[in-house]
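Hi,

Here is the structure I promised to pass on. My notes follow below it.

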Amino acid sequence: MMRSLYIAKTGMESSQFRLDVISNNLANVATKGFKRSNAVFEDLMYQTLREPGSRLQTGEELPTGLHVGLGSAATATARVHTQGGLSTTDNVLDLAINGRGFFKVTTPDGETAYTRNGQFQRGSTGRLETSEGYPLQPEITIPDGTAIEVSTDGTVSYIPAGSTTRVDAGQLELADFINSPGLESLGGNLYRETTASGAPIAGTGGLLGFGAIKSGFLEESNVNVAEELVGMIQAQRAYEMNSRAIKTSDEMLQRLTQL
């Protein structure tokens with residue numbers, strides 16, 4: 001059987017996988033704090049028909065060998081954690097990190113998760129939570145009060161009802177990782193620490209390289225629609241060319257059967 005049939009098959013599968021990644025990026029173009037992914041590929045093993053440096057019957061040494069590649073395969077999806085654009089919302093509890101860092105939240109199973117989506121709101125007890133009801137870590141509660149403020153370093157304060165004195169409700173803590181693309185994506189704009197990402201590095205907004213916290217802003221997705229559309233065209237053309245290779249191989253086999 002012709003190798004080209006199987007080689008072209010792996011090329012079609014790789015193109016399909018790249019299109020899957022691009023589709024997910026485009027589907028989340030309006031998701032706050034979303035970070036796009038890139039598909040990473042590698043060439044598969046090679047069949048060695050003749051080793052480089054082997055000798056012919058004449059005694060001469062071959063300068064090159066004879067290798068046949070067996071196609072390609074997807075190996076990873078690399079998350080790109082570049083800064084997304086900031087949009088104003090005029091909601092004091094909408095928070096964006098202008099630079100490095102992640103907000104920390106507690107999931108229902110008690111684990112710590114990390115997010116760039118700063119769409120926070122007060123729960124029934126005044127606790128700051130995500131739209132899914134996950135509390136910030138450490139927990140911050142703002143009881144009935146007015147004039148809520150969040151400073152660039154993450155200090156949350158308010159004026160209690162019937163008072164004119166500002167009270168600190170708590171301090172937002174940020175986290176960062178040596179290898180943020182190594183974080184595990186959980187969905188819901190959440191990430192989880194892995195051995196690849198390394199342990200979280202704690203920090204405060206605007207200090208020691210961490211981004212400043214901007215109240216009344218949200219970070220947009222970092223998906224570039226034009227770039228994704230170009231990648232979609234490339235994936236489509238690669239799929240078509242590999243499909244054409246299969247068709248050509250089939251025509252050659254058909255010719256052989258007619259001999």
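Phe120 is buried, because its relative accessibility is 3% (buried means under 20% relative accessible area, exposed over 50%, partly exposed in between, with a 1.4 Å probe and protein chains only). This is a predicted model, where local features need pLDDT of at least 70, side-chain atom pairs count only at pLDDT 80 or more, and totals for chains, interfaces and linings use all residues. Residues are numbered from 1 along each chain as its sequence is written, and side-chain values use heavy atoms, leaving out hydrogens and water.

Now the aromatic rings. Rings of Phe, Tyr and Trp (its six-membered ring) pair if their centres lie within 6.5 Å; planes under 30 degrees apart count as stacked, over 60 as edge-to-face and the rest as tilted. By this rule there are 5 aromatic pairs. Phe17 and Phe41 make an edge-to-face pair, 6.3 Å centre to centre with 90° between the planes. That pair links distant parts of the chain, with Phe17 in helix α1 and Phe41 in strand β1 (residues 37-43), 24 residues apart (helices, H or I of at least four residues, and strands, E of at least two, are DSSP runs numbered from the N terminus). Phe17 is partly exposed at 29%, and Phe41 is partly exposed at 32%.

Phe120 pairs edge-to-face with Phe103, at 5.2 Å and 90°. Phe103 belongs to strand β7 (residues 102-106), while Phe120 lies in the loop between β8 (112-115) and β9 (121-122). Phe103 is buried too, at 0% relative accessibility. Elsewhere, Phe102, Tyr114, Phe177 and Tyr191 form one aromatic cluster.

Enjoy exploring!
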